Amino acid sequence: MVKAIKILLIEDDVNLSDNIVGFLQDFADVTVVADGLDGEFEAQEAPYDLIVSDLMLPGESGLELIKNIRDNHIETPVLILTAKTSLDDKIEGFNVGADDYLTKPFHREELLVRVKALLRRSGVYSEDNTIAVGDVLINLENRGVQVHGKPVKLVGKEFDILTYLSQNKNIIVTRDQIFDRIWGIDSDTTINVVNIYLNNLRRKLEAVGQSGLIKTLRNIGFILEVPDAQDNQSKETN
């Protein structure tokens, strides 16, 4: 089963990264790299919901990594995790584009709280483990979908695609991004599988009155478009 939340951890301390993965693995899929250059490549090539990065890394520093991905218009939230505790270091981290800063040593519970806060701010996570978009309610825990309170049966990748688009509502997502997120960049499956599952998903949504929820932008990508007023009304109802 593909977990809904994907985190990129860039940390060269093997013991620490193993501990973090063990702590977060029930909450998210965590990919670990130990080099700044590899971390930058991974952040630019694959879609993640959150990046957790050390500052003192081989290859290139965490500051260089964050600046480079921001210069390339990658807006993934970044949590700096470092032993550098001075105010100047923190200011520099925020100035290059970090969203939060946690110093070592730290309590596991504080790390999880900060991770959840950043994911909640970006709309990827909610405390009740659901996502509401318009008239659609997605339950990440039991992989259930409801429209106007009535269940819609989605299987496997159909659910994963709907979840990914919902987590990025009103944002254009390319076919490559969907493929990399759901199937993985190392998959042997051809990218045309995205169209097959999207067509199946659309048919099921159309059957329950959601024909315009997922739009295709020719030669660009796809967008799950929900007006803010409609989205807010759905949250109040649920």
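## Helix 6 against helix 7

In this predicted model, helix 6 (residues 157-167) and helix 7 (residues 175-182) have axes that come within 11 Å and cross at roughly 120°. Axes here are lines fitted to C-alpha atoms, for helices over the stretch in contact, and angles run from 0 to 180 degrees between N-to-C directions. Helices (H or I, at least four residues) and strands (E, at least two) are DSSP runs numbered from the N terminus. The two helices are therefore oblique to each other: under 35 degrees counts as roughly parallel, over 145 as roughly antiparallel, 65 to 115 as roughly perpendicular, and the rest as oblique.

Who meets whom? From helix 6 come Lys157, Asp160, Ile161, Tyr164, Leu165 and Gln167, and they meet Gln177, Ile178, Arg181 and Ile182 of helix 7, with contact meaning heavy atoms within 4.5 Å.

Next comes an open sheet of 4 strands, ordered 6-7-8-9 with antiparallel pairing; two strands pair if DSSP finds at least two bridges between them. Its edge strands, strand 6 (130-133) and strand 9 (150-152), each pair on one side only. Neighbouring strands of this sheet are turned by 25° against each other on average, direction ignored.

Strand 8 (residues 144-147) pairs with strand 9 over 3 bridges in the antiparallel sense, and Gln146 stands opposite Pro151 in strand 9. Helix 6 packs on this sheet and touches strand 6, strand 7 (136-139) and strand 8, its direction making about 115° with that of strand 7.

## Reading the numbers

Residues are numbered from 1 along each chain as its sequence is written. Local features need pLDDT of at least 70, side-chain atom pairs count only at pLDDT 80 or more, and totals for chains, interfaces and linings use all residues, while side-chain values use heavy atoms, leaving out hydrogens and water.
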